[in-house]
Amino acid sequence: MDPQAWTRRRLLAAAAAAWAAGSVMGAAAAQPGAEDQDVWAALRGGAIVLLRHADAPGIGDPPDFRLEDCATQRNLSELGRKQARRIGELLRRQQVAVGALWTSQWCRARDSATLMALAPVREEPLFNSFFAARGDKDEQTAAARRKLLAWRGPGALVVVTHQVNITALTGLGVSSAEGIVLRPRGDDLALVGRIAPPR
């Protein structure tokens with residue numbers, strides 16, 4: 001056989017094998033994994049989920065920001081409103097009984113919590129954003145951690161807050177409408193897994 005033809009055949013065979021392997025891996029990745037099962041089992045057992053508010057385009061808030069006036073704040077987009085409703089639907093579908101639903105006082109967080117329709121919404125200033133030095137990050141995070149560690153149910157605790165708060169509490173980055181699931185363990189918040197933003 002011509003050496004060039006032999007080389008081409010080998011390359012095509014290798015490419016086909018790689019494609020097949022990738023297809024198998026993609027199919028496996030699409031299946032619910034052990035981590036997903038752990039997340040839902042933990043929440044059914046009374047764990048905590050820190051949810052970043054749903055999509056609200058932009059960064060921070062306008063210079064004339066006022067907590068009592070939603071018109072001065074970044075607010076949910078239509079996508080964000082859909083995401084919030086879908087989060088609620090997802091938790092109901094997974095049969096997660098929500099014992100409490102706390103939210104930052106920012107409108108985009110409060111509206112996300114309300115649209116989820118999982119439980120009565122309770123404003124909790126400890127989870128207000130401290131982006132751009134709006135609050136004392138260290139003091140607020142320490143107090144929020146103590147409050148989370150004291151959670152004993154019944155049911156899961158859902159907290160709708162901001163990226164800066166979640167990162168300060170967990171060290172993890174988080175996208176809009178993404179959740180970090182935690183379980184109090186002694187003096188620490190043990191990571192269980194994540195809830196991906198709904199599509």
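## Close-up views: salt bridges and a helix pair

**View A. Arginine 194 is partly exposed, with a relative accessible area of 30%.** Partly exposed lies between buried (under 20% relative accessible area) and exposed (over 50%), computed with a 1.4 Å probe on protein chains only. The model is predicted: local features need pLDDT of at least 70, side-chain atom pairs count only at pLDDT 80 or more, and totals for chains, interfaces and linings use all residues. Residues are numbered from 1 along each chain as its sequence is written, and side-chain values use heavy atoms, leaving out hydrogens and water. Glutamate 178, at 10% relative accessibility, counts as buried. The side chains of arginine 194 and glutamate 178 form a salt bridge, 3.0 Å from N to O. Arginine 194 sits in strand 6 (residues 188-195) and glutamate 178 in the loop between helix 6 and strand 5 (179-185), so the pair ties together parts 16 residues apart in sequence. A salt bridge here is a side-chain nitrogen of Lys or Arg within 4 Å of a carboxyl oxygen of Asp or Glu. Helices (H or I, at least four residues) and strands (E, at least two) are DSSP runs, numbered from the N terminus.

**View B. Lysine 147 pairs with glutamate 124 in a salt bridge.** Their closest N and O atoms are 3.8 Å apart. Lysine 147 belongs to helix 5, and glutamate 124 to the loop between strand 3 (121-123) and helix 5, so this bridge ties together parts 23 residues apart in sequence. Lysine 147 is partly exposed at 27%. Glutamate 124 is buried, at 10% relative accessibility.

**View C. Arg66, Glu68 and Asp69 are linked in a salt-bridge network.** Between arginine 66 and glutamate 68, the closest N and O atoms are 3.6 Å apart. Arginine 66 is partly exposed, at 37% relative accessibility. Glutamate 68 is exposed, at 64%. Over the whole structure, a search finds eight salt bridges.

**View D. Helix 5 (residues 137-149) crosses helix 6 (residues 163-170) at roughly 70 degrees.** Their axes come within 10 Å. Axes are lines fitted to C-alpha atoms over the stretch in contact, and angles run from 0 to 180 degrees between N-to-C directions. Helix 5 is therefore roughly perpendicular to helix 6, a term for angles of 65 to 115 degrees. Lys137, Gln140, Thr141, Ala144, Arg145 and Leu148 of helix 5 meet Asn165, Ala168 and Leu169 of helix 6. Contact means heavy atoms within 4.5 Å. By class, this contact has four nonpolar, three polar and two charged residues.

Technical notes: Parallel < 35°, antiparallel > 145°, perpendicular 65-115°, else oblique. Nonpolar A, V, L, I, M, F, W, Y, C, P; charged D, E, K, R; others polar.
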